[in-house]
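The paragraphs below give each term its cut-offs where the term comes up.

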Amino acid sequence: MMTALVTGASAGFGREIARRLVREGMRVIGVARREARLEALAAELGASFLSAACDMRDISAITHFENSLPASWRDIDILINNAGLALGVSKAQYSHWADWAQMIETNITGLTALTHALLPRMVARRRGHIVMMGSIAGRYPYQGGNVYGATKAYVAQFAANLRTDLLGLPIRVTNIAPGLCGGSEFSAVRLADTEAAAAIYAGTTPITPIDIAEIVSWVVQQPAHVNVNEIEVMPVCQAAGGLAIDRSTNHAD
Ligand code: 8X3
């Protein structure tokens, strides 16, 4: 039976991915800060789910994470690096450093530390699949995307560089880059305002956590010789905008 570890498992994409992988017959270790929510998921999913409360910003805990698991759960076949967040939509010059720091700590440092901690065992077992939750924000710039988008560009490049280093080993690395997604706390956390968050989805049919779980499930169940490098997915109601030109000011000397 395959064992998957899903970060950010207490809500949104992570919770739906955990549900889906358990339904597919896998064992899932769910990592998140909110222990009560993990316990609720454990009650729902039964013995196939192991709740492992951990803050992705606690690098010491992440470094020792593998050893903190029961021995029978340490052979992790699939790492779903899903935990991450966006904070704020202000232009860079009006953003708060604390928001930037928290995004970098979670989306980059925590994700990298956990990958670093779990990779040696995957290499020793010659078995593993690392799935990153990237974002279209890592590829297309938009106003207010500044550091959030930059963290997701890091995630995409880290995935690509891992694939290069792991060439010759049967370990797969995939980056999934979703666009507008509803049905999760993402926008409420980003805007710190549930009404403003709801307004983002007004008049749209966004991607849902169930859609993402379906994609993850497909990606990790491809034949062993197939590595899905990247998937970019947007709802039909979304597309990349064009280039911007400012005609309001004259920048000439
Ligand atoms: C989520 C997609 O468009 O809000 O990563 O940046 S977007």
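A residue is called buried under 20% relative accessible area, exposed over 50% and partly exposed in between, with a 1.4 Å probe and only the protein chains considered. The model is predicted, so local features need pLDDT of at least 70 and side-chain atom pairs count only at pLDDT 80 or more, while totals for chains, interfaces and linings use all residues. Residues are numbered from 1 along each chain as its sequence is written, and side-chain values use heavy atoms, with hydrogens and water left out.

With a relative accessible area of 2%, Ser 217 is buried; this residue belongs to helix H9 (residues 209-220), where helices (H or I, at least four residues) and strands (E, at least two) are DSSP runs numbered from the N terminus. Its side chain makes a polar contact of 3.0 Å with the side chain of Gln 221, a polar contact being a pair of N or O atoms within 3.5 Å; within protein, one atom must be able to donate a hydrogen and the other to accept it, and residues adjacent in sequence count only if both atoms are side-chain atoms. Not counting residues up to four places away in sequence, Ser 217 touches Arg 20, Leu 21 and Glu 24, contact meaning heavy atoms within 4.5 Å.

Glu 16 sits in helix H1 (residues 12-23) and is buried as well, at a relative accessible area of 16%. The side chain of Glu 16 makes a polar contact with the side chain of Arg 19 at 3.0 Å, and, leaving aside neighbours within four places in sequence, Glu 16 is in contact with Pro 209, Ile 210 and Ala 213.

Among the buried residues of H6 are Val 147, Tyr 148, Thr 151 and Leu 162, and the cover over the buried residues of H6 includes helix H5 (97-125), strand E5 (128-133) and helix H7 (186-191).
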